[in-house]
Amino acid sequence: MFEKLKKNMRYISFRSMLLAVLALLLLLVVLFLPEPGGSAHGILVKKVVVLAAVLLFSAALYFLLIKPYRFLSAQNRRFTEGYITISELLESPVMYSASSENMLRQLEHQVQMTDAIDLSKRQAQYRALQNQINPHFLYNTLDGIRSEALLGGMDSLADMTEALATFFRYTISRTENLVTLEEELENCRIYFKIQQYRFGDRLRLEIVRDEEEWDQLRRVQIPKLTLQPVLENSIIHGTELRMGEGITRIVLERTLKRVVIRVQDNGAGIEEEKVRELNRKLSQGLQEPEDSTHGRQGGVALANVNNRIRLIFGDEYGIHVYSMEGQGTDVEISIPYTERKQGETML
């Protein structure tokens, strides 16, 4: 009880109520004082009592309201000028109200999340800058290998080297957060071409789309490297584990406000309980543990793509997985229908 009273004493609203109660009590004391009966001593006593009541109320008014209000005004000014943080403001001995404290705590939470996002972006930019240190050395080396392969009559090696150089150029050199769906699909084709040198004819990629809508769909903005990690996940943890031909389909659909991309494979599939747990973590924006059914990198790759989509477009977009053990897996990617306008710069 004492702790609750002590906490409530922080709030100006509680102090105002306490002051009002004190004023009412003093008024009652004055009203119910006995009449002095005309004697000088009685009149003097009543005047002393009234004066004491006024002084007591004035002191309470100053210490309970005026002084705390000045203190809060000074703290607010120091906060807006950047001298103290929200945490220091919350540690003040007085507050405007409980709702004001809740608002500040929510603001502190939002600031912490923003700082965390900014830190992640800076770390990602730093890693990107590290990866871009003289990338022309890599391209020139691959071009040299391709030239030697052509001179030696090894056309397949030359084609593979060229595809690898193109893939690295898209992955490393481009710095935009968003690219067009057409560019992302082309990168998937290049990646798939590289994988075909490993798997041969048992690997097949199909892109299913409505040709009448393709002119609008191809300009839709999508986070860079959204589809390739999902496609890689589908091949390595689905198709590779299946005997016979492995078919991966990328199906494009559009509604009024969003684009749905389904990466489907006829691979090994996932157990029902694992699918349920994976979707739960994806819906909450959590990383999948490393011992997931999809292997060490599978769930992590899906979580990475899912979190980037949610970060850019909002929590109503992202990834959902459908799968049956032995029947294959569908990874559904949902993004808003936002076209890149002519001449518009990507984020």
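## Buried or exposed

A residue is called buried when its relative accessible area is under 20%, exposed when that area is over 50%, and partly exposed in between (1.4 Å probe, protein chains only). Phenylalanine 167 and tyrosine 191 are both buried by that rule. Across the protein, 35% of the 347 residues are buried. Leucine 104 sits in helix α5 (residues 98-131), and its relative accessibility is 12%, so it counts as buried.

## What you're looking at

This is a predicted model, where local features need pLDDT of at least 70 and side-chain atom pairs count only at pLDDT 80 or more, while totals for chains, interfaces and linings use all residues. Residues are numbered from 1 along each chain as its sequence is written, and side-chain values use heavy atoms, with hydrogens and water left out.

The protein has twelve helices and seven strands. Both come from DSSP runs numbered from the N terminus: helices are H or I with at least four residues, strands are E with at least two.

Now for contacts, meaning heavy atoms within 4.5 Å. Take the contacts with a separation of 6 or more: 67% of them are between residues 24 or more positions apart.

## Rings that meet

Rings of Phe, Tyr and Trp (its six-membered ring) pair if their centres lie within 6.5 Å; planes under 30 degrees apart are stacked, over 60 edge-to-face, and the rest tilted. How many aromatic pairs does the structure hold? There are two. Phenylalanine 167 and tyrosine 191 make a tilted pair, with 5.9 Å from centre to centre and 40 degrees between the planes. Phenylalanine 167 belongs to helix α7 (residues 155-173) and tyrosine 191 to helix α8 (residues 181-199), so this pair ties together parts 24 residues apart in sequence. Phenylalanine 313 and tyrosine 317 have ring centres 6.3 Å apart and planes at 75 degrees, so their pair is edge-to-face. Phenylalanine 313 and tyrosine 317 are buried too.

Charges can also sit over rings: NZ of Lys or CZ of Arg must be within 6 Å of the ring centre and within 35 degrees of the ring normal. Arginine 209 does this over the face of tryptophan 214, at 4.2 Å from the ring centre. Lysine 224 lies over the face of tyrosine 170, 5.6 Å from the ring centre.

## The nonpolar cores

A nonpolar core is a set of buried Ala, Val, Leu, Ile, Met, Phe, Trp, Tyr and Cys residues joined through side-chain atoms within 4.5 Å. The largest one has 43 residues, and Leu181, Ile261, Ile333 and Ile335 have the most contacts inside it. Helix α8 gives this core its largest share, eight residues. Setting aside neighbours within four places in sequence, leucine 181 touches a list of residues including Trp214, Leu217, Leu252 and Ile261. A second, separate core has five residues, among them Ile84 and Leu90.

## Strands side by side

Two strands pair if DSSP finds at least two bridges between them. Strand β4 (residues 246-254) and strand β5 (residues 258-265) are antiparallel partners over seven bridges, and a hairpin of three residues joins β4 to β5. Here isoleucine 250 has valine 263 in β5 as its bridge partner.

Strand β6 (residues 318-324) pairs with strand β7 (residues 328-336), again antiparallel, over seven bridges. In their hairpin, which has three residues between the strands, glycine 326 takes a positive phi near 85 degrees. β5 and β7 also pair in the antiparallel sense, over eight bridges. Which residue in β7 is the bridge partner of arginine 262? That's glutamate 332, and glutamate 332 is the bridge partner of histidine 320 as well.
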